[in-house]
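Dear colleague,

I am handing over the structure we spoke about, and below it you will find my notes on what was found. Please read them alongside the coordinates.

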Amino acid sequence: MAHYENPMRGSSLEVKVLTERFGIPNVEKLDVFVQHNGYEGLRKALTMTPDAVIAEVKKSALRGRGGAGFNAGMKWGFVPRQSPKPKYVVCNADESEPGTCKDRVLIEYDPHQLIEGNIIAGYAIGSHQGYIYIRGEYRYLMEILDRAIGEAYAAGFLGKNILGSGFDFDLATHTGAGAYECGEETALLNSLEGLRGYPRVKPPFPAVVGLYGCPTIINNVETLSSVPSILRNGGDWYAKIGTPNNGGTRLFALSGHIERPGIYELPMGIPLRRILEEVGGGVWKGKKLKCVIPGGSSCPVLTASEIDVPMDFDSLSKIGSMLGSGGVVFIDEDTCMVKAAWRIMKFYAHESCGWCIPCREGTAWLKALLERFHGNGGMAEDIDTALDVSYNMLGKTLCPLGDAAAMPTISILKKFRHEFEEHLKLGSCPFEARGSESGVRVSAGVAI
Amino acid sequence: MADPITLTIDGKPVSVAAGTLLIDAAKQVSVEVPSFCYYPGLSLQGACRMCLVSIEKMPKLQTACTTVVTNGMVVHTETPEVKNARKSMLEMLLTNHPLDCPVCDKGGECELQDAVFRYGAAETRFLETKIHEDEKKFSNLVYYDRPRCILCYRCIRVCDEGMDVNAYGIGFRAAHSEIIPNRGEHLECEECGMCIDICPVGALTSGTYRYKTRPWELTYTGTICNHCGDGCKTTLSVRNHEVIRANNRDHSGINGEFLCVKGRFGWDFVNNPQRLTLPRIRRNGKQEESSWEEALSLTADKLKSILAAHGPDSVAVVGSNRTTNEENYLLQRFSRTVLGTNNIDHHRTADFSSLVGALTAAKATDRYATMENIVGAKHIFLIGNDPTHQHPLVAYQIRQAVRQHGAQLYVISQGDIKLRRQAARYLQVQLGGEAAVVSALVGASALPNNLIAGGSEAFGAFAESLKSAVDLVILFGDAIRGDEVRTMVRWGLSMPGETRFAPLGDYANSRGAADMGMLPGNLPGYAPVTDESARRKFESAWGQATPISSGLHIKAVAEGIEAGRIKALLVFGSNPARTFGLSKSTLAKLELLFVAELFSTETAECADVVVPATSFAEKSGTFTNTFGQVQALKKTMRKAGTKSDLEILLALARLLGHKWSYQSADDVLREIIALVPGYAIALPNLLIGRAVATRPEGTPPPLEKPDLIFSSRDNLFGSGTLSRYSWALNSVDEARKPYGHEF
Ligand SMILES: Cc1cc2nc3c(=O)[nH]c(=O)nc-3n(C[C@H](O)[C@H](O)[C@H](O)COP(=O)(O)O)c2cc1C
Ligand code: SF4
Ligand code: SF4
Ligand code: SF4
Ligand code: FES
């Protein structure tokens, strides 16, 4: 299934939990998977009470890998124990954040691990139906998953009375149509229900009122894929791999101007500088680093002086950025940050669902402003206007997409204001004037 | 009820019911939180972000329209942060807004203009190119201008949730999002124009109003729709004696913001150039224009000679079910005293008489249902009517009741009516099955299986489900009449709680026609003409005697004309040629056919004298809706050449030697209030625009013939003569769909 170059480049710093089976021939087949501890986590879980499973996941300090980093066990705990309505497990495989491409390999190389995680989650919250919502562009992964799900049914890991435990669980895949916004959990639920992918007003939260108005947990592919090993090896074991409150490993997708872009499984809390230098092989072509987007395009950028930060949710939050979805984009010294800001905004202006005023109008405005600015039509007041418009979006939108558009923009406008001013002084782009390549490449397929 | 919630808004303490939204709680202490997407009664959107407020202990601003109040909440709506948020929302909204206010229909009554005036900034920092889209014509009545649209989604919701039509969706994405018809390029819908009314800006405009005027050039008069028996309040916007628009401007009354297509657009018959404006007299077989004096004195002279030669019962009168109560009352007085005959009838579209009789006999005249009872009902039983077509406001209110507080709807009908979507229980019957089901419910007769789809099993399940109903509101159409009304009332009153009843009759004043005694067998207020004491009351007020035996109903009148016994027929606002199938040759047998009409109808074409009458927009008076609620009609304009039925009757009475002292409709109304049982209403309530309920009480004579009661079965776009002369109603494709078509 090689549609592209193998992104798993390998590194001695890797700690293989999620990727432990990657590379084993035919491990996407159930019998091979089972030979390598496959479905052991599920067997273990079925011997425990649902509450004990949730407690174990809480103990592991596993935090959501979809972007927000919410404690997975805690989220499961919000689902009402007793519910007259059915409950649902929804796996978010909409992976669309620019710079992010790790869910794809988890599904492609080890689909049964994800299936196992879904079943355990279902057992924990008392759900009998799960859905895996896959982004439209990942349609080919559906074939892989559907085949694996078929095998799991045949072997009694899915369906009625799983492994003789009396627990029933069904799992189905569903594809989106290619909207970034459909990765937002409530928009995803609408899309899954066949509605337009608009987000919902919260509260109520999905744990109480989710799919078809029923209690629902929504977790990222990587989050659920981490669950089987937690059950197998224990929450404490998993928590110890990372830093406090940031258990385990995560897949970092390194892209941009580095020597060895690729996907690497690294322990939580590993300093960004080590990722750049020891894993990614340093900035390409011997150039200097200008900045890093640490967790997908929604995160405020870090300057070269900020890269000693440990890569975990809390440390990044402390310095005003986010770990996000694990897509780390390195940007070299020759890159025009005005153009980078414009390119990022172009993405959000295109992907805004259009539901609420500040995001719909704000992203369109900023995109046009930045495009004009970079195209030599900038004026001095534009910089403050852009900042103010971004702040007027921040925290005022219905869903976090508006924030996701505002945050990187604010950080670039503040940290690289001098580049904007240089454009004004020169009357043109200083980087293009120097003839440098000013584009940024990211591996999620979106060329910035 | 749960304990109230106490919170503080801008320093003012407020107590509200649990579950109240912050935006509504704020109103109670006169704090206005601006909003676009929030609309009371429709689902919450959180889309416009105009209502952001600061709540202590919350890190971010919160939308007041989605926040449910909690005890001890401390809210600030005027902090610099909140003010800046509002201003910035407006600044962003205006980035792609065309600002063509000088030519926009909404200019002067636009919520966006008002919000910018109050909360916005005078200057913009937006220097980019605006996104432009050309205006689209969704139908002959609805146009859409994307650049003006602020995407508040009110139109979509009122169409989905209010109308259950689902005509609108959203196309494209981000700043290119736009409102689109769900079915292709055009709207296929009920064309009610609710979307236009609810649109806060000039994005949705009306095919009949757009680019015609500025709102401040209009005079506004609150009055009542003239099309169906629901009696929606409406405001006619008039310029230079031309009606330009209708909407219920202050959203008050029994219909709130609701008007159906007929109410919103179908008033245009008033402006139709085919309106009669000069009387006509038949000379040598041809109608020729004449003066009013000539037409009326000719009529009076002919009447005099016919009365002298053949006696009072050689004359018959057909009244209208859309003229005012005052006109109807005068017409029956005219018939009974000036002519001296009880030969007066009208197109009866529901059996109001039998309901009055049944409730009076059961001492339950407090059980007439009002329109408001539907909105508040928990259980509604609908028999033999399709309100979507025949009573659009009733349909709307039933949907509100079901959607907003889970009312249970039980439906018995012949066709698969649209309200079946809201029905908890549905029973399909054949012609005549409605009445059979009612008798079977009360156990009065065995169930005729062949009349019910699903037979006794379906009936059993239906009857069983009704057992849990309390406080039923029973709405019945023309299939339930005469004895069946009594049976139904008996069954209904045996149900737990307070069962209420309303007959669903067509046209604006069918109820008023019956209440005012435009019937051959009873006086105003339903006392039989044979009841001496009732007769005395009117006779002493009028100073004149009235005939003591029942007159001829309309079918007997038809036979009388045919047999040569009836020599003169006076028709006011009715078209018996069409309604009762009176043929040209039958009508030709009359010595005098007098017609007061708006248009040259089939009947008017045969007349010896036709006089041009005023329409509802050109006169004052009252209508009684099918629920017995009286509302005031107000004169909004003049139509040169026309006279109201009231003026015509006063003139004719004078020419026939009777001195009536009425100066205006008000004088007649005061007499009605004083004399007509059930109509002792409080005038002030009427004058401030309320729908005032009546409770008629009486023992009318039994229904002479079942088929005297029949609905016109107009569809949503029809209402007899009036709709035939409405450009708007005939302009929409949907008007050509058969009766019963669902949207
Ligand atoms: C605009 C937007 C896009 C998102 N896209 C994704 C996505 O593609 N995949 C994902 O797992 N989470 C995405 N999220 C986060 C989800 O809303 C949600 O937080 C997540 O799926 C929860 O799973 P987790 O707790 O396992 O991270 C997105 C959020 C936003 C606001
Ligand atoms: S912030 Fe608003 S417009 Fe943007 S994606 Fe979310 S809901 Fe849609
Ligand atoms: S057309 Fe009017 S009502 Fe509909 S979304 Fe636009 S502004 Fe709102
Ligand atoms: S429901 Fe009846 S009264 Fe109301 S607007 Fe329509 S036709 Fe007029
Ligand atoms: S009124 Fe609250 S978001 Fe629109």
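Which residues touch the most other members of the largest nonpolar core? In this predicted model, that core holds 373 residues, and the two that touch the most other members are A:Val292 and B:Ile380. The element that gives the most to this core is helix H13 of chain A, residues 337–351, with 10 residues. As for A:Val292, once its neighbours within four places in sequence are left aside, it is in contact with A:Leu272, A:Val301, A:Leu302, A:Ile307, A:Val328, A:Val329, A:Phe330 and A:Ile331.

Turning to the layout of chain A, the domain assignment gives domain 1 (30–241), domain 2 (249–332) and domain 3 (337–428). The C-alpha centres of domain 2 and domain 3 of chain A lie 23 Å apart, and 8 residues of domain 2 are in contact with 10 residues of domain 3. On the domain 2 side of that contact there are 5 nonpolar and 3 polar residues, with no charged residues.

Chain A also has an open sheet of 5 strands, in the order E6-E5-E9-E7-E8, with mixed pairing. Strands E6 (262–267) and E8 (302–303) stand at its edges, and because each has a single partner strand, one side of each is left without a neighbour in the sheet. The partner of E6(A) that I looked at is E5(A), residues 249–256, which runs antiparallel to it and is joined to it by 6 bridges; within this pairing, A:Arg250 has A:Leu266 of E6(A) as its bridge partner.

The two ligands may be of particular interest to you. Ligand 1 is surrounded by 24 residues, of which the closest are A:Gly64, A:Gly66, A:Gly183, A:Asn220 and A:Thr223. Strand E4 (216–220) and helix H16 (401–415) of chain A are the elements that give two or more residues to this shell, and E4(A) gives the most, with 3 residues. By class, the shell has 8 nonpolar, 9 polar and 7 charged residues. Since domain 1 and domain 3 of chain A both give residues to the shell, ligand 1 lies between them.

Ligand 2 has 14 residues around it, and the closest are A:Cys356, A:Cys359, A:Thr397, A:Cys399 and A:Leu401. Helices H14 (357–377) and H16 of chain A each supply at least two residues of this shell, which by class is made up of 8 nonpolar, 4 polar and 2 charged residues.

The contact takes 25 residues from chain A and 25 residues from chain B; on the side of chain A, the elements that give two or more residues are H13, H14 and helix H15 (380–393), and the largest share, 11 residues, comes from H14(A). That side of chain A divides into 12 nonpolar, 8 polar and 5 charged residues.

Finally, a residue in a loop: A:Asn245 is placed between helix H10 (235–241) and E5 of chain A. With 14 other C-beta atoms within 10 Å, A:Asn245 is partly exposed. Leaving aside its neighbours within four places in sequence, A:Asn245 is in contact with A:Ala61 and A:Asp314, and although A:Asn245 and A:Lys59 are 186 residues apart in sequence, they are 9.1 Å apart in space, C-alpha to C-alpha.

With kind regards

Terms used:
Residues are numbered from 1 along each chain as its sequence is written. Chains are lettered from A and ligands numbered from 1 in the order in which they are written. This is a predicted model: local features need pLDDT of at least 70, side-chain atom pairs count only at pLDDT 80 or more; totals for chains, interfaces and linings use all residues. A residue is near a molecule or strand if its C-beta atom, placed from the backbone, lies within 6 Å of it. Helices (H or I, at least four residues) and strands (E, at least two) are DSSP runs, numbered from the N terminus. Ala, Val, Leu, Ile, Met, Phe, Trp, Tyr, Cys and Pro count as nonpolar, Asp, Glu, Lys and Arg as charged, and the others, Gly among them, as polar. Domain bounds come from an automatic or database domain assignment. A nonpolar core is a set of buried Ala, Val, Leu, Ile, Met, Phe, Trp, Tyr and Cys residues joined through C-beta atoms within 7 Å. A residue is buried if 20 or more other C-beta atoms lie within 10 Å of its own, exposed if 12 or fewer, and partly exposed in between; C-beta atoms are placed from the backbone. Two residues are in contact if their C-beta atoms, placed from the backbone, lie within 7 Å. Two strands pair if DSSP finds at least two bridges between them.
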